[in-house]
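Let's take a walk through this structure together, starting with its pockets and ending with a helix and its neighbours. Have the viewer open as you read.

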Amino acid sequence: MKLTIDGLQVDNKTVFVRVDFNVPMKDGVITDDTRIRSALPTINYLIEKGAKVILASHFGRPKGERKPEMSLAPCAKHLSELINKPVAFVDDCIGPKVEEAVKALQPGDVLMLENLRYHNEETKNDPEFAKQLASLADVAINDAFGVSHRNAASVVGIADYIPMAAGFLLKKEIEALSAAVVHPKTPMAAIIGGAKVTDKISVISNLLPKVDV
């Protein structure tokens with residue numbers, strides 16, 4: 001496996017963490033917080049190390065528009081309750097107000113950025129956008145397994161400018177996937193779910209020769 005969070009120097013560093021907080025929500029209320037809870041080992045580890053933690057995620061598909069119903073503000077509020085400490089929120093992910101919010105962070109503080117996909121540059125992996133995200137931190141952590149197949153600025157582009165490592169969730173997912181695909185215990189059945197079939201075709205094609213059912 002490539003570099004992971006426990007092999008990266010994060011003590012007292014400013015750390016950009018790509019999380020997947022694209023959670024089910026109704027009327028501004030989170031109905032399933034599994035994805036947020038899954039990121040807690042990485043977030044708590046960084047807090048304990050005295051890092052200044054910047055969390056970034058997408059939510060839905062706003063396609064470059066600022067849609068209030070796709071704000072990550074409820075996620076910041078819910079995370080604050082889960083970790084029992086304040087989580088600051090800034091209503092953008094690049095620009096002067098974000099830079100000021102980052103400057104205000106103290107060791108162990110957590111800041112949640114607004115929906116990355118309010119900017120089309122995120123999904124286009126625009127180099128300038130990736131560079132602006134990278135300028136906020138010393139190092140980056142990818143803990144968003146659900147979007148790691150996407151060529152997005154916060155997933156791929158940012159690594160061109162600052163060191164990036166896998167978080168604990170991504171590490172766990174890779175280890176589980178490797179165990180199933182590289183050294184499978186047979187007989188093995190594959191159960192594949194998800195709403196978007198197009199994302200699954202390459203996975204199914206790779207799994208078919210390795211599974212029995």
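Which residues line the second largest pocket? Keep in mind as you look that this is a predicted model. The lining is made up of Lys2, Leu3, Asn142, Val155, Ala159, Met164, Ala165, Ala166 and Leu170. Strand E8, which spans residues 164-166, gives the most to this lining, with three residues. By residue class, the lining divides into seven nonpolar, one polar and one charged. The volume of the second largest pocket is about 180 Å³.

Now turn to the largest pocket, whose volume comes to about 1,400 Å³. Its lining is formed by 43 residues, and those nearest the centre of the pocket are Phe145, Gly146, His149, Lys200 and Val203. The lining residues of the largest pocket comprise 19 nonpolar, 13 polar and eleven charged ones.

You will find Thr42 in helix H2, which runs over residues 40-48. Is Thr42 buried or exposed? Thr42 counts as buried, because its relative accessibility is 0%, and the cut-off for that label is under 20%. One is the side chain of Asp143, joined to that of Thr42 by a polar contact of 2.8 Å. Another is the backbone nitrogen of Phe168, which the Thr42 side chain reaches at 2.9 Å. Leaving aside residues up to four places away in sequence, Thr42 touches Ile5, Val17, Ile141, Asp143, Gly167, Phe168 and Leu169.

Our last stop is helix H6, covering residues 127-134, where Phe129, Ala130, Leu133 and Ala134 are buried. Why do these four residues lie on the same side of H6? They do so because the arc they cover around the axis is only 140 degrees. What do the buried residues of H6 pack against? Their packing partners are strand E1 (14-18) and helix H5 (120-123). Finally, look at the N-terminal end of H6, which is capped by Asp126. In this cap, a side-chain oxygen of Asp126 lies 3.2 Å from the backbone nitrogen of Glu128.

Technical notes:
Residues are numbered from 1 along each chain as its sequence is written. This is a predicted model: local features need pLDDT of at least 70, side-chain atom pairs count only at pLDDT 80 or more; totals for chains, interfaces and linings use all residues. Side-chain values use heavy atoms; hydrogens and water are left out. Buried means under 20% relative accessible area, exposed over 50%, partly exposed in between (1.4 Å probe, protein chains only). Helices (H or I, at least four residues) and strands (E, at least two) are DSSP runs, numbered from the N terminus. The arc is that of the directions from the helix axis to the C-beta atoms. Contact means heavy atoms within 4.5 Å. A polar contact is a pair of N or O atoms within 3.5 Å; within protein, one must be able to donate a hydrogen and the other to accept it, and residues adjacent in sequence count only if both atoms are side-chain atoms. On a 1 Å grid over the protein atoms alone, a cavity is a set of points where a 1.4 Å probe fits but cannot get out, and a pocket is an open set with protein on both sides within 12 Å along at least five of seven lines; lining residues have an atom within 4 Å of a point. Grid points are joined across faces, edges and corners, and a volume is the space filled by probe spheres set on the points. Ala, Val, Leu, Ile, Met, Phe, Trp, Tyr, Cys and Pro count as nonpolar, Asp, Glu, Lys and Arg as charged, and the others, Gly among them, as polar.
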